[in-house]
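Visitor: Please take a close look at the charged side chains here. Which of them pair up, and where do they sit?

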Amino acid sequence: MHNRIACYTVVLAVLLVSAVSANAAELKIGVVDFQQIIAKSEPGKKFETELTQEGQQMEAEVEKNKEELKQMKEKLEREAMVMSDKAKEEKQIEFNVKLSNLQKKQAQFRKDFLNKQRQGVEKFRNEVLEIAHEIGKKEKFSLIISKDALLYMDTAVDITPAVIKQLNQRHKQ
């Protein structure tokens, strides 16, 4: 559904620009590949590295807690024969509480991670849009669109390398 809307938007934009630019000598279109910008630009690589490290830290903490629960369960099973019913019940309740807390922690980590990812991508996207706008004005593009909305493009219209270069220069300062 989202891709269909994006496709219709691109077609509509091209038609509108074509109609408006009918008297113009040339229709200049540029294309930006957002995924390539994230993968190849210095700020994009840094963002991905930070996100990966944070995800690994969260995963390590969860794995540590899982191991503690595993050991707790094994101990409970080993000692169950010599424990009173009341002691077994207390240990089982303690285990269930810790398991529930772990599940809540996992859900919170997932939520936090996705939120950080979304915020980072949005911030990055806004900066890329700003740079694409600057390049569009400077080089007199009629239209700059995202590669995600295209089925085919000639590589001559790809301005992604120029955006990456400008983005890297901004972040060196």
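**Charged side chains**

Guide: Lys116 has a relative accessibility of 34%, so Lys116 counts as partly exposed. This is a predicted model. Lys116 forms a salt bridge with Glu54, and the closest N and O atoms are 2.8 Å apart. Glu54 belongs to helix H3 and Lys116 to helix H4 (residues 85–138), so the pair ties together parts that are 62 residues apart in sequence. Glu54 is partly exposed too, with a relative accessible area of 22%.

Stay on helix H3, which covers residues 42–79. Glu63 forms a salt bridge with Lys66, with 3.7 Å between the closest N and O atoms. The two are 3 residues apart in helix H3, so about one helical turn separates them. Glu63 is partly exposed at 37% relative accessible area. Lys66 is partly exposed at 36% relative accessibility.

Now go to Glu134. Its side chain meets that of Arg170 in a salt bridge, 2.7 Å from N to O. Glu134 lies in helix H4 and Arg170 in helix H5 (residues 160–172), so this pair ties together parts that are 36 residues apart in sequence. Glu134 is partly exposed, with a relative accessible area of 32%. For Arg170 the value is 25%, again partly exposed. Glu127 and Glu130 join Glu134 and Arg170 in a network of salt bridges. The count of salt bridges comes to 11.

One surface patch is left. Glu67, Glu68, Glu74 and Glu77 gather there in a patch of negative charge. Glu67 lies in helix H3. Glu67 is partly exposed, at 37% relative accessibility.

How values were computed:
Residues are numbered from 1 along each chain as its sequence is written. This is a predicted model: local features need pLDDT of at least 70, side-chain atom pairs count only at pLDDT 80 or more; totals for chains, interfaces and linings use all residues. Side-chain values use heavy atoms; hydrogens and water are left out. Patches are made of residues with over 30% relative accessible area and no salt bridge: like charges are joined within 9 Å, nonpolar side chains (Val, Leu, Ile, Met, Phe, Trp, Tyr) within 5 Å. Accessible areas come from the Shrake-Rupley method with a 1.4 Å probe; for residues, only the protein chains shown count as cover. A salt bridge is a side-chain nitrogen of Lys or Arg within 4 Å of a carboxyl oxygen of Asp or Glu. Lys and Arg count as positive and Asp and Glu as negative; His and the chain ends are not counted. The place of a charge is taken as NZ of Lys, CZ of Arg, CG of Asp or CD of Glu. Helices (H or I, at least four residues) and strands (E, at least two) are DSSP runs, numbered from the N terminus. Buried means under 20% relative accessible area, exposed over 50%, partly exposed in between (1.4 Å probe, protein chains only).
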